[in-house]
Amino acid sequence: MTKIVAIETYPLILPVREIYGGAAGTLEDCRSLVVRVETENGFEGWGEATQGRPGNTYETLETMEIMVGKYFAPALIGADLEETGSVLQRLHQARYGHPITKAALEIALFDALGKRYGVPIYRFFGGPYRTQIELVGGLGLDLGPGTIAHRAAQLRQEGFHTFKIKIGQRDRKQDVARVRAVREAVGEEATIRVDGNAAYSFTEAREILSEIGRFGIADAEQPLARGDLKSLAELRRAVGIPIAAQESVSSPEDALAVLEENAADLLKIKLTHIGGFQRGMQVASIVGAKGLPIVVGQGSACTTLLSAAEMHLHASIKNAQPGGEMTGFLRLGEQNIFSPLQVTNGKVTLPHGPGLGIEVDKNKLKQLAGH
């Protein structure tokens, strides 16, 4: 038996190295909740959830801390971690919604479980299918046609082969110029994705995607509002660019609805948006059964805890695309609390230690969180 005896939270506001803005908003710092789970036999697990961009979710750093302390921790303390399914059921039944908060807790639970058995988290989900993950070079909306070309060329020199451009400016010509500039900077062989963050009307999306299609776009992520699957399906038929659904997929049921509507060519999983590993693997199975690929990861600034968790998920999904988007750790400012991830030539090495494979300096974390 591995009884859960304590759950602690550490709210962090950290500086960022790089602002990565999109049509959904811009964050100028990293607001993450770090969660610690402790068991009676001395194992501890760590998890993280980052708040994300303003307006993109109803969860904030403040609400996440309240939900853990008042509802989720009381539901989990005393439970046997080795009865994992039962523990996760308790977590999801304690309160409806709050997927970001639940993801942080689930990451911590699996980190502790991995340490209990001495195995990496990906072993619980059938991985790894890969131990080196090619990362995406993210290019935010704040980068104009001139600066975006320079940044893209810099990333290309660092070994990145896949690039994701945030689009959604009011002046469509600016976005066309930005996409053109990136294509010219990275060459014809590089992969380019675009992301409109659900900001477009149907007409706007059709026009912008038709214009940038000549630059060889691999896929366009969620150009329309999250709930309008019929319009998304119509847009998919109207333009020659594959459509990726992200905001439209908050659950396995959502994934099934997207596929039944033929509204996307691929789906994206953000571990926090979907609510944790279990639901992420369910979505991946649904999409895989349809023979479609999955993109994994989120680019908002975060520590190596959350990025490593998404790497474990990516490594466990057979149909995960190259070009993982778990790049939030690259945008974080200098920190010495969480052990680093190894990136070489645009690829990150999957952590192989027990659990997440990330070490935490508890004393520095407590000091930073004001404990």
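## Close-up views of a predicted model

**View 1. Helix 1 is kinked.** In this predicted model, helix 1 (residues 61–76) has a kink of about 45° centred on Val 68. The bend at a residue is the angle between axes fitted to the seven residues ending there and the seven starting there. Helices (H or I, at least four residues) and strands (E, at least two) are DSSP runs, numbered from the N terminus. Val 68 is also one of the buried residues of helix 1, along with Leu 61, Met 64, Met 67, Phe 72, Ala 73 and Leu 76. Buried means under 20% relative accessible area, exposed over 50%, and partly exposed in between (1.4 Å probe, protein chains only). The buried residues of helix 1 pack against strand 1 (4–14), strand 2 (30–39), strand 3 (44–50), helix 2 (84–94) and helix 3 (99–117); contact means heavy atoms within 4.5 Å. Just after the helix, Gly 78 takes a positive phi of about 100°.

Residues are numbered from 1 along each chain as its sequence is written, and side-chain values use heavy atoms, with hydrogens and water left out. Because the model is predicted, local features need pLDDT of at least 70 and side-chain atom pairs count only at pLDDT 80 or more, while totals for chains, interfaces and linings use all residues.

View 2. Two strands pair if DSSP finds at least two bridges between them. Strand 7 (residues 191–195) runs parallel to strand 8, with four bridges, and Asp 195 stands opposite Glu 221 of strand 8. Strand 9 (residues 243–245) is also parallel to strand 8, over two bridges; here Ala 220 has Ile 243 as its bridge partner. Four of the five residues of strand 8 (residues 217–221) are buried, so the strand is largely enclosed by the rest of the structure.

View 3. Helix 6 (residues 202–212) forms a right-handed β-α-β unit with strand 7 and strand 8. Helix 7 (residues 229–238) belongs to another right-handed β-α-β unit, made with strand 8 and strand 9. A crossover is right-handed if, with the strands pointing away from the viewer, the path from the first strand over the helix to the second runs clockwise.

View 4. Cys 30 is buried at 1% relative accessibility, and Cys 302 is buried at 0%.

View 5. The three strands lie in the order 4-13-12, with antiparallel pairing. Strand 4 (132–134) and strand 12 (343–344) stand at the edges with a single partner strand each, so one side of each has no neighbour in the sheet. Strand 12 and strand 13 (residues 347–349) pair over two bridges, and Val 343 stands opposite Val 348 in strand 13.

**View 6. The whole chain gives the setting.** The chain has 13 helices and 13 strands. Its C-alpha trace spans about 60 × 40 × 35 Å along the principal axes, and 56% of its 371 residues count as buried.
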